[in-house]
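The following report describes a single protein chain for a reader who is new to structural models. Please keep the structure in view while reading.

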Amino acid sequence: MKFIDCLPTWISKCIKGKSVCEIRLRNNAVVRVNVAGDWWYCDETALTPSVTNAKTLDVLCDDIVRIACNNSIYAYEQMLAKGYFTLADGSRFGVAGRFTSGSVFQEYTSICIRVPHCVSCATKEILSIAKDGNTLIVGAPGVGKTTLL
């Protein structure tokens, strides 16, 4: 399943064709979308920079999580206990909400969807250096080591 198939139709229409990096959904709150590093809001038909024109999420995050899990929350239970799960398209759903005493979600109140995207890099050059043995990749946090791998 693709992340866009889990969203209400009006959100899918707003983000279609955009280079979306992240989508933040909260029960009864406006929908925030990160497109190429800039934050936007969804209105009825498009993205808008103004929160005053934004539409409030009209479905519960519980429903979106159920759709993303193909109505099988149990199959995703171990991942959900960690606070996230990954779909087949590589998108990652970070979830938050209220827990029961057994560390199982009772209710999902917010979702942060991280959308994978292609990052161009010097893959050929790195592979030509690494072809004869092991390679150590070192760098500061947030510079793209995991993305490279």
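Ala36 lies in the loop that joins strand 2 to strand 3 (38-42); strands (E, at least two residues) and helices (H or I, at least four) are DSSP runs, numbered from the N terminus. The phi angle of Ala36 is near 50 degrees, a positive value in a residue other than glycine. Ala36 counts as exposed because its relative accessibility is 58%; exposed means over 50% relative accessible area, buried under 20%, and partly exposed in between, with a 1.4 Å probe and protein chains only.

The model is predicted: local features need pLDDT of at least 70 and side-chain atom pairs pLDDT 80 or more, while totals for chains, interfaces and linings use all residues. Residues are numbered from 1 along each chain as its sequence is written, and side-chain values use heavy atoms, with hydrogens and water left out.

A positive phi value in a residue other than glycine is also found at Asn28, where the angle is near 55 degrees. Asn28 belongs to the loop between strand 1 and strand 2 (32-35). A further loop, between strand 3 and strand 4 (47-48), holds Thr45. The table lists the relative accessibility of these loop residues.

| Residue | Relative accessibility | Class |
|---|---|---|
| Asn28 | 64% | exposed |
| Ala36 | 58% | exposed |
| Thr45 | 61% | exposed |

Thr45 is in contact with Lys13 and Cys14 when its neighbours within four places in sequence are left aside; contact means heavy atoms within 4.5 Å. The C-alpha atoms of Thr45 and Ala29 are separated by 17 Å, and these residues stand 16 apart along the chain.

Strand 2 contains Asn34. This residue is classed as buried because its relative accessible area is 11%. The side chain of Asn34 reaches the backbone nitrogen of Gly37 at 2.9 Å. Residues up to four places away in sequence not being counted, Asn34 touches Ser19, Val20, Cys21, Glu22 and Trp39.

Which residues line the second largest pocket? They are Arg24, Leu25, Arg26, Ala29, Val30, Arg32, Gly94, Val95, Ala96, Ser110, Ile111 and Cys112. Strand 1 (20-26), strand 6 (92-99) and strand 7 (105-114) are the elements that give two or more residues to this lining. A pocket is an open set of points on a 1 Å grid over the protein atoms alone, where a 1.4 Å probe fits, with protein on both sides within 12 Å along at least five of seven lines; lining residues have an atom within 4 Å of a point. The space in the second largest pocket is about 160 Å³, a volume being the space filled by probe spheres set on the points.

The lining of the second largest pocket comprises 7 nonpolar, 2 polar and 3 charged residues. Here Ala, Val, Leu, Ile, Met, Phe, Trp, Tyr, Cys and Pro count as nonpolar, Asp, Glu, Lys and Arg as charged, and the others, Gly among them, as polar.

One of the lining residues is Ser110, which is placed in strand 7. Ser110 is buried because its relative accessible area is 16%. Beyond its neighbours within four places in sequence, Ser110 is in contact with Leu25, Arg26, Cys61, Gly94, Val95 and Ala96.

The protein chain as a whole has 5 helices and 7 strands. Of its 149 residues, 32% are buried. Along its principal axes, the C-alpha trace spans about 55 × 40 × 25 Å.

Methods. A polar contact is a pair of N or O atoms within 3.5 Å; within protein, one must be able to donate a hydrogen and the other to accept it, and residues adjacent in sequence count only if both atoms are side-chain atoms.
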